[in-house]
Amino acid sequence: MKKLTILLLFISTTCFSQKKFTTYVGLGMGGVLENKNQIPNCTSKTSIRVTGFISQYYKVNDKISIGLQALTSGDLIGTGKCSQYNATTNTRTVSSNSTTANSILLRGRYFLSHGTIIKTYFDMGVGTTSYSYGSITAEQGRISKTSLAFSTEIGLEIADKLNIAYVGIFGGKTPSFTGFDSFSNENKVLQSIRSQQMYLTVGYRLFQF
């Protein structure tokens, strides 16, 4: 993710002669739609999720732009994942809900209107989303799962500088794991679930060349 962010900034700063490249950075808040965990008497505490992104677009014409976008997201407030321990099997099953995610998307944007101040647009993207869980065991550490994803976005561009949009990222799955943790001397189980992200975002035009 860091390498992609650096690449996007490098492209934007080396294309002085293009006049058609635009770099946006932004933040958003929202949540996820997921399968509830199947752990009895285990309800994970929830938090509003936040996302940060950087996008590089190339203007094809007045109506169409194509680009590359990198996003990262997670809970605004770190909440401990609930779990259930089965003493008979010495197994702890951990909730999979609301894990962190990173997405890389190829995007295409179509402007529906061309007002002098406010322009409406529709944007679609396709790429990958990777969900990750940190330190599942002392031996395994961080685990992740990457899935094909697509995204929809509808928004407003204001004064050619500010974007306000509603963004959905669909198709992700969280990682699964079964193994022994020497730190706790327990077996650990993490089940994979489907996860769809939705955010209200605000983006700012950082560069234009």
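The model is predicted, so local features need pLDDT of at least 70 and side-chain atom pairs count only at pLDDT 80 or more, while totals for chains, interfaces and linings use all residues. Residues are numbered from 1 along each chain as its sequence is written, and side-chain values use heavy atoms, with hydrogens and water left out.

Strand β6 covers residues 100-111, strands being DSSP runs of E with at least two residues, numbered from the N terminus. Two strands pair if DSSP finds at least two bridges between them, and the pairings of β6 are as follows.

| Partner of β6 | Bridges | Direction | Source |
|---|---|---|---|
| β3 (residues 64-75) | ten | antiparallel | |
| β7 (residues 118-133) | twelve | antiparallel | |

Leu71 stands opposite Ser103 of β6, and Arg109 has Asp123 in β7 as its bridge partner; a hairpin of six residues connects β6 to β7.

Arg109 also belongs to the 13 residues lining the largest cavity, where Arg109, Phe53, Gln69, Glu153 and Thr201 are the closest to its centre. A cavity is a set of points on a 1 Å grid over the protein atoms alone where a 1.4 Å probe fits but cannot get out, and lining residues have an atom within 4 Å of a point. The largest cavity holds about 100 Å³ of space, and its largest share of lining, three residues, comes from β2.

Definitions and conventions:
Buried < 20%, exposed > 50% of the residue type's maximum accessible area, 1.4 Å probe, protein only. Helix = DSSP H or I, 4+ residues; strand = E, 2+ residues; numbered from the N terminus. 1 Å grid on protein atoms, 1.4 Å probe; cavity = no way out; pocket = protein on both sides within 12 Å on 5 of 7 lines; lining within 4 Å. Points joined across faces, edges and corners; volume = space filled by probe spheres on them.
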